[in-house]
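Please look over the sequence and the 3D model shown here.

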Amino acid sequence: MEAGGGATLSEIYQSAQRLLLRATGGLERLERERLDSSSSATSFSYASSSSMPSIEDPEDLASAIKRDITQIRSLCAEMDRLWRSIPARGQRDLWRRKVEQVAEKVDSLKESLDKHLFRQQKRMLEVKERADLLARANGDSAHVLRIFDEEAQAMESARNSSIMLEEAYATGVAVLSKYSEQRDRLKRAQKKALDILNTVGLSNTVLKLIERRHRVDKRIAYTGMVLTIVVVLAFMWWIH
């Protein structure tokens, strides 16, 4: 079974697994850095192969993990569409379970990342409070407080943007799934109609008219899918 770009269901599944492994490793590095934050020499290497550059900054690493999570969810949506078209029930059920497992893993990964970002934000606020106490005790630390204020606001903004992006992505996936279901229903309806028309012996002209209507409906469905993707991408670009 192949997707529109030529990739098989198995290839898409392997890509999703590689992204899961890479994102999980990146999250583990973030957690180790949090537990060992006293060492300023801690470094990050979010790379599963030599073709990917190293990421030294924790915020950049978190952003890379978010991008991988978004890509994995996109692959899940594509796999969900493909396994439904497998004719053999046994294979269809097997792939359904595999896709569900990937979806569960990426949801768990997203939840862990959100918890990490929340703890990081809480830590920044605690640092700010300590700096505030030092300012009152020693005076003239307004510059330090301003730096921590800016970092805390930036982290809050990033968290809000992540939530908005996830909501927009979920909406886009739901719309695309709906279009896929409608297309499948149209195919089944067309097949039944053609069987009936062939049985009663209607003319080839009527059959050609029905086929032409099916092509128009298919173009409408594809156009709706493209417009939905464009809206989601535009929204993502506007957020960032």
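The questions and answers below go from the fold to ring contacts and then to the cavity and a pocket.

This is a predicted model, in which local features need pLDDT of at least 70, side-chain atom pairs count only at pLDDT 80 or more, and totals for chains, interfaces and linings use all residues. Residues are numbered from 1 along each chain as its sequence is written, and side-chain values use heavy atoms, with hydrogens and water left out.

Q: What pattern does the protein chain follow along the sequence?
A: Helices (H or I, at least four residues) and strands (E, at least two) are DSSP runs numbered from the N terminus. The protein chain has five helices and zero strands. Read along the sequence, the pattern is α-α-α-α-α.

Q: What percentage of the residues in the protein chain is buried?
A: Buried means under 20% relative accessible area, exposed over 50%, and partly exposed in between, with a 1.4 Å probe and protein chains only. The protein chain has 240 residues, and the buried share is 30%.

Q: Among contacts between residues at least 6 apart in sequence, what percentage joins residues at least 24 apart?
A: A contact means heavy atoms within 4.5 Å. For the protein chain, the share of these contacts that joins residues at least 24 apart is 68%.

Q: Which parts does the aromatic pair tie together?
A: Rings of Phe, Tyr and Trp (its six-membered ring) pair if their centres lie within 6.5 Å; planes under 30 degrees apart count as stacked, over 60 as edge-to-face and the rest as tilted. A search of the whole structure finds one aromatic pair. Y13 and W95 form this edge-to-face pair, with 5.5 Å centre to centre and 80° between the planes. Because Y13 lies in α1 (residues 9-35) and W95 in α3, the pair ties together parts that are 82 residues apart in sequence.

Q: At what distance from the ring centre of W95 does K98 lie?
A: A charge sits over a ring if NZ of Lys or CZ of Arg is within 6 Å of the ring centre and within 35 degrees of the ring normal. K98 lies over the face of Y13, at 5.4 Å from the ring centre. K98 also lies over the face of W95, and there the distance from the ring centre is 4.5 Å.

Q: Which residues does Q120 touch, not counting those up to four places away in sequence?
A: Q120 is found in helix α3 (residues 89-138). Q120 has a relative accessible area of 17% and is therefore buried. With those sequence neighbours left out, Q120 touches R34 and M155.

Q: Which element gives the most to the lining of the largest cavity?
A: On a 1 Å grid over the protein atoms alone, a cavity is a set of points where a 1.4 Å probe fits but cannot get out, a pocket is an open set with protein on both sides within 12 Å along at least five of seven lines, and lining residues have an atom within 4 Å of a point. The largest cavity is lined by R183, L186, H214, D217, K218 and A221. The elements that give two or more residues to this lining are α4 and α5. With four residues, the most comes from α5.

Q: Which element supplies the largest share of the lining of the second largest pocket?
A: Of the 28 residues lining the second largest pocket, the closest to its centre are A77, E78, R81, L176 and M225. At least two lining residues each come from α2 (58-83), α4 (142-200) and α5 (204-239). The largest share, twelve residues, comes from α4.
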